[in-house]
Amino acid sequence: MNHDIHIIGGGLAGSEAAWQLAQAGWQVRLSEMRGGGDMTPAHQTDGLAELVCSNSFRSDDSDKNAVGLLHDEMRRLDSLIMRAGKIARVPAGSAMAVDRDVFSAEVQRALDEHPRVNVIRERVDTLPAIGPTIIATGPLTAQSLAQDIVKTTGQDRLAFFDAIAPIVHRETIDMDICWIQSRWNKRTEASNEDGDYINCPMTKEQYLAFHQGLMDGEKTEFREWERDTPYFDGCMPIEVMAARGVDTLRFGPMKPVGLDNPRDATPEFPQGRWPHAVVQLRQDNKLGTLWNMVGFQTKLKYGAQIELFRTIPGLQNAEFARLGGLHRNTFLNSPIVLDRELRLKNASHIRFAGQVTGCEGYVESAAIGLMAGLMAVSELSGRRWKAPPRTCAFGALLAHITGDAEAETFQPMNVNFGLFPPLLKVKKKQRKEAYTSRAKADLGKWLSERELVPA
Ligand SMILES: Cc1cc2nc3c(=O)[nH]c(=O)nc-3n(C[C@H](O)[C@H](O)[C@H](O)COP(=O)(O)OP(=O)(O)OC[C@H]3O[C@@H](n4cnc5c(N)ncnc54)[C@H](O)[C@@H]3O)c2cc1C
């Protein structure tokens, strides 16, 4: 069968992209290596869109939750993943959980039966030299293809592990305790006027208790196949560093030198004193709504992270946009290598989709697959792509991946309200509903205008 587009990877993103393209009338070749003699370390079956771990798509509440909103937006765009999810759904309160076998079988059936989709069980080892292509090979992309991606994008543009430091919503940081300053007040052209870091001060007692908390906190084990995870310089888990000695962190990420706490100002030290230790947060997105805890990548369990990190002065009420982690995960430095339409800047016939673009999670991966599919539909039809508004979940996630995130610290990201243009004038209690109602209205407008975009 001749095809109009080649999609590589039949996971959540690749299956969704194939569906969108086929439904729009284009012939798709979908290459999936499982079932053709290859397997990833996490998958168990040959089924398309296999869920490798939990069976949950998280909250289905589209009024108060960003991922629930993304479900709603996907449904409005006739998502295959949401269709299959409806058929496979099992009771899970306000969450959307599925029977994983029924779910995968439904996706498989829809694509197998589709007259315009040809599923081929084959591993692809190089980026196709010509022809519209979508790469959706996921966090466990086969090594040969990963190496070819590195050849095309350049060394250091494809990561094989994530080392995620927790990310905090800026509005939940107590600025009566913290202060903004760069170490030694050093500045660059990109610097903010006051400084680039939010600093949380610690006394000796607070630091020692925190150090003990890191040592005692419950940690997540590496999976069998992740055990050879190397600790790269600069992304060692904070608790591993802490185990090297009680003061190691004070000479590393918690170094207080050059940071004058203005709350400790005295006539003798009018600018303030250096605290015993400091936790620093650095801006993580252009909107300035998300800040990451510098050097705090960790294998502590999520509950232990929340409990311990809220003992840090100034973070007692912190809400986390995401918690720390360290996993095997193949992903691009998308803000650098991809354009706003998910295409490689130096090979524009290749588009990426799914977790390999640096989103995180089943729903987000499928959503970016859906967007990549629609972008390809526009391109094949000779129409100009009009991006979804940044005020909706699709638009916020896309904008983050393709340019709004800081490239230097880019790590995989779940959808969350911190990615949305802020609505600070709305009272905090009503803010979630304000985000979702604005998103729903703006997506509706985008949908109604989409067909009108001229060639
Ligand atoms: C171990 C693990 C556990 C996870 N648990 C969760 C969780 O519980 N909840 C959650 O929301 N997210 C989880 N994720 C994150 C992520 O959401 C999922 O990995 C998700 O499946 C990503 O979707 P995807 O379509 O991008 O990739 P995948 O679903 O992994 O699909 C990629 C497909 O490409 C195929 N492929 C790879 N290389 C090639 C090649 N060269 N040629 C042809 N085919 C190829 C693979 O076989 C696979 O089918 C987990 C990730 C991992 C690694």
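In the predicted model, Asn-292 touches Pro-166, Ile-167, Gln-280, Leu-281, Arg-282, Gln-283, Asp-284 and Thr-409, leaving aside residues up to four places away in sequence. With one of these, Asp-284, the side chain of Asn-292 makes a polar contact of 2.8 Å. The relative accessible area of Asn-292 is 5%, so this residue counts as buried, the limit being under 20%.

Asn-292 belongs to strand S13. Strand S13 (residues 290-293) runs antiparallel to strand S9 (residues 167-169), and 3 bridges join the two. Within this pairing, Val-168 has Trp-291 of S13 as its bridge partner. Both strands are part of an open sheet of 6 strands with antiparallel pairing, in the order S10-S11-S12-S13-S9-S14. Strands S10 (179-180) and S14 (320-322) each have a single partner strand, so one side of each lacks a neighbour in the sheet. Helix H6 (residues 204-216) lies across strands S11 (197-202) and S12 (277-283), at about 95° to S11.

Side chains of opposite charge can pair when their charged atoms come close. In the whole structure, 26 salt bridges are found. One of them joins Asp-63 and Lys-440, with an N to O distance of 2.8 Å. Asp-63 lies in the loop between strand S3 (56-59) and helix H2 (66-76), and Lys-440 in helix H12 (residues 428-450), so this pair ties together parts 377 residues apart in sequence. Asp-63 is partly exposed at 41% relative accessibility, and Lys-440 is partly exposed at 23%.

A salt bridge also links Arg-343 and Glu-379, whose closest N and O atoms are 2.7 Å apart. Arg-343 is in strand S16 (residues 343-344) and Glu-379 in helix H10 (residues 362-380). Arg-343 is buried at 18% relative accessible area, whereas Glu-379 is partly exposed at 34%.

Definitions and conventions. Residues are numbered from 1 along each chain as its sequence is written. This is a predicted model: local features need pLDDT of at least 70, side-chain atom pairs count only at pLDDT 80 or more; totals for chains, interfaces and linings use all residues. Side-chain values use heavy atoms; hydrogens and water are left out. Two strands pair if DSSP finds at least two bridges between them. Helices (H or I, at least four residues) and strands (E, at least two) are DSSP runs, numbered from the N terminus. Contact means heavy atoms within 4.5 Å. Axes are lines fitted to C-alpha atoms, for helices over the stretch in contact, and angles run from 0 to 180 degrees between N-to-C directions. Buried means under 20% relative accessible area, exposed over 50%, partly exposed in between (1.4 Å probe, protein chains only). A polar contact is a pair of N or O atoms within 3.5 Å; within protein, one must be able to donate a hydrogen and the other to accept it, and residues adjacent in sequence count only if both atoms are side-chain atoms. A salt bridge is a side-chain nitrogen of Lys or Arg within 4 Å of a carboxyl oxygen of Asp or Glu.
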